[in-house]
Amino acid sequence: MSKYNLGLKFKESILRLSSLTSKQKLELLENLANEEGEKDIEILKAIVRTKNILDLFLKDEKSKEEKVNIKNEIFRLEKFYSQHQTLELCDFMSAFDSFYGEIKDEILLPKEEKEILDTNNSSFQNLEINRTSKSKNKDSLLGKLQSFGGSFGSFLFIVGIFTLKDIIRANLSFWFRINRMELGFIQAKLFSAGSFALGGIILASYGFFAMELFSRSSTEIKIIPKETLKPFQQRQKNSKPWLVGILVGLVSPLVFSLIYAVRHKDWRIFVYPMWIFFSISFLVIPAVIGMNSYKIYLQIFSGFIAYVIVRNNKSSIKIEDNSSI
């Protein structure tokens with residue numbers, strides 16, 4: 001029995017039994033293969049046991065990007081299985097869509113032609129991704145701000161550095177007991193340049209934090225099969241972001257941000273709030289102002305940052321249970 005005929009029988013069965021789970025589909029494939037004496041079906045099982053891949057392969061109407069993704073997946077499988085097995089996979093899937101016959105023809109192309117074809121596919125895919133990204137950036141508020149930031153935003157950034165430089169220089173003088181009047185010419189210039197550079201680092205880090213935590217990409221969904229879910233990912237999924245925010249913001253930013261950074265294996269939970277807390281406390285706000293007057297507000301803001309990071313991690317994980325439909 002050819003793999004194409006096995007594909008026809010498999011197609012007929014899953015259309016008739018539409019409520020089959022991934023595990024049941026895999027058992028069905030094995031039973032059909034045993035009945036017809038087909039022994040080498042490992043590459044077929046690799047597709048059937050992974051629900052999201054099988055759903056993509058069996059999709060009736062495939063977009064250009066989806067077709068490119070399917071080709072890339074089959075070419076990836078060719079690195080782990082023989083060419084003969086990959087061709088049999090195409091025969092099997094041809095029972096569902098003639099498109100897989102085209103992939104089979106590409107696999108049989110001479111190596112040099114195939115390399116050229118792969119390059120063209122990659123270029124096409126990158127073009128589609130870039131076009132999609134540009135479209136999203138233009139339509140989103142964040143994209144408009146980024147475009148706006150290219151001109152006026154850069155001006156504000158430079159003005160902010162020059163303004164912050166004097167405050168940082170005064171704070172460093174206060175905390176390290178540096179008398180600027182006693183510094184030599186070169187030392188004074190180096191001290192001023194260091195304050196300027198530190199101001200740039202602080203403003204750039206704040207901008208980076210804001211872009212990373214509040215952009216759309218921060219909540220990009222990652223589909224993770226249940227059987228490969230790691231303990232720290234399970235903790236991220238089961239976490240209560242509001243509780244983390246309260247513990248960090250109202251109890252102890254240092255202790256609880258460190259605890260959750262270790263438990264969730266995400267050091268941003270510790271580094272981002274702590275950097276903001278200490279940089280504002282000791283460098284941005286003039287040292288002559290008592291710390292107690294604004295410490296509670298900084299703690300609350302640190303808790304908010306921790307809350308956003310944990311919330312993004314939680315919402316970005318989608319657990320795929322291959323035992324369900």
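**A helix and its surroundings**

Author: Happy to! Of the 325 residues in the chain, 38% count as buried. Please keep in mind that this is a predicted model. Its secondary structure comes to 15 helices and 2 strands. Among contacts between residues at least 6 apart in sequence, 70% join residues at least 24 apart.

Let's settle on helix α4, which spans residues 51-58 and has I53, L54, L56 and F57 as its buried residues. Looking down the axis of α4, you would find these buried residues within an arc of 160°, so they line one face of the helix. As background, an α-helix has 3.6 residues a turn, so residues three or four places apart point the same way. What lies over the buried residues of α4? The cover includes α2 (22-35), α3 (42-48), α5 (64-77), α6 (83-94) and α7 (99-107).

From here we can move on to the nonpolar cores. The largest has 31 residues, and I74 and I103 are the ones that touch the most other members. Two or more residues of this core come from each of α1 (3-16), α2, α3, α4, α5, α6 and α7. If we set aside neighbours within four places in sequence, I74 is in contact with F57, T86, L89, C90, Y100, I103 and I107. F57 brings us back to α4, as one of its buried residues. There is also a second, separate core of 20 residues, with F209, L298, V308 and I309 among them.

On the α13 side the contact is made by P253, L254, S257, L258, Y260, A261 and H264, and on the α14 side by I269, F270 and M274. Sorted by class, this contact has 8 nonpolar, 2 polar and no charged residues.

One last stop is a loop residue: L229 sits between β1 (222-225) and α11 (231-238). Is L229 buried or exposed? Its relative accessibility is 15%, and the cut-off for buried is under 20%, so L229 counts as buried. Apart from neighbours within four places in sequence, L229 is in contact with I224, Q234 and I319. L229 and I317 are 88 residues apart in sequence, while their C-alpha atoms are 9.9 Å apart in space.

Definitions and conventions: Residues numbered from 1 in each chain as written. Predicted model: local features only at pLDDT ≥ 70, side-chain atom pairs only at ≥ 80, totals over all residues. Heavy atoms only, no water. Buried < 20%, exposed > 50% of the residue type's maximum accessible area, 1.4 Å probe, protein only. Helix = DSSP H or I, 4+ residues; strand = E, 2+ residues; numbered from the N terminus. Arc of directions from axis to C-beta. Contact = heavy atoms within 4.5 Å. Nonpolar A, V, L, I, M, F, W, Y, C, P; charged D, E, K, R; others polar. Core = buried A, V, L, I, M, F, W, Y, C linked by side-chain atoms within 4.5 Å.
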